[in-house]
Amino acid sequence: MHDLRSQGYAVQADIPLDPAASADPPRPAPSNGLMERRSRLAQAAAGRTTQRSTAPATSPPSARPIPPKPSYAPTVHLTASGGGGPDDIRERPHPRPSAADLAHRARDFRLRMSVIDCETETALDTTRDRYGRTVHAGAATAALARRDQAAVNAYAKHLAPYANALLDSARRALDELPPARHLTGWRTVLDGLSASTAEIRRALDQPATPGSAAERAQHAALWPHLATWHELALFDTDARMH
């Protein structure tokens, strides 16, 4: 268009067709809401970038405090259970022996005393002459001393723990029988046997010096009481009373 004008032509310019004279149409201004949203997005992006690039400062975990050791020792109290179970620590009383057990103990003592008596008679026979007179007094005395000591040992080991129970069992048997005249005599026998039991117990609780003359005298004094237990044979008392 400028060339034509320089040659004298009259040119009417059309502004929309002239790229130099024409301007870009105005762009609509963004609304306030859009600008605010873009601003928030930019700030959020800037904050994430800062968090990723900068490591947060953290403090090391603190150690768990240890409680102080107590200065006292705990006390444990043991209490015996009252139910009689396996945890019961109290001493239990010994059960009462049965009648069969008592009969066995009395029979065993009687047999032992029979053996002692037989051995003693055999030894004494060697100290006598053909007429039954003692001709070896020292040997006879020694045989009797052995008899007395053997009888005391047999009673202490096999019958002493059951003597009172045997007496009580015999008394209960008397009380269960109907009234009769002979029962009085049996009660007298049991009273004498109870006195013999007390004498034997007293000697066993206060023994003399072993091997001394006092011990031989003590055992000789006990022989009649031990022989009474041997002869009565309380294991068949019920049969004799009937």
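Reader: In which helix do Asp-168 and Arg-171 both lie, and how many residues apart are they?

Author: Asp-168 and Arg-171 both lie in helix H5 (residues 163–176), three residues apart, about one turn of the helix. The model is predicted, so local features need pLDDT of at least 70 and side-chain atom pairs pLDDT 80 or more, while totals for chains, interfaces and linings use all residues. Residues are numbered from 1 along each chain as its sequence is written, and side-chain values use heavy atoms, with hydrogens and water left out. Helices here are DSSP runs of H or I with at least four residues, numbered from the N terminus.

Asp-168 and Arg-171 form a salt bridge, their closest N and O atoms being 3.9 Å apart. The term means a side-chain nitrogen of Lys or Arg within 4 Å of a carboxyl oxygen of Asp or Glu. Side chains of opposite charge can pair when their charged atoms come close. Asp-168 is partly exposed at 34% relative accessibility, and Arg-171 is partly exposed at 29%. Buried is under 20% relative accessible area, exposed is over 50%, and partly exposed is in between (1.4 Å probe, protein chains only).

Helix H5 also holds Asp-175, whose partner Arg-187 is in helix H6 (residues 182–205); this pair, 12 residues apart, links distant parts of the chain. Asp-175 counts as exposed at 57%, whereas Arg-187 is partly exposed at 35%. Salt bridges that share partners join Asp-168, Arg-171 and Asp-191 into one network. A search of the whole structure finds 10 salt bridges.

Methods. Helix = DSSP H or I, 4+ residues; strand = E, 2+ residues; numbered from the N terminus.
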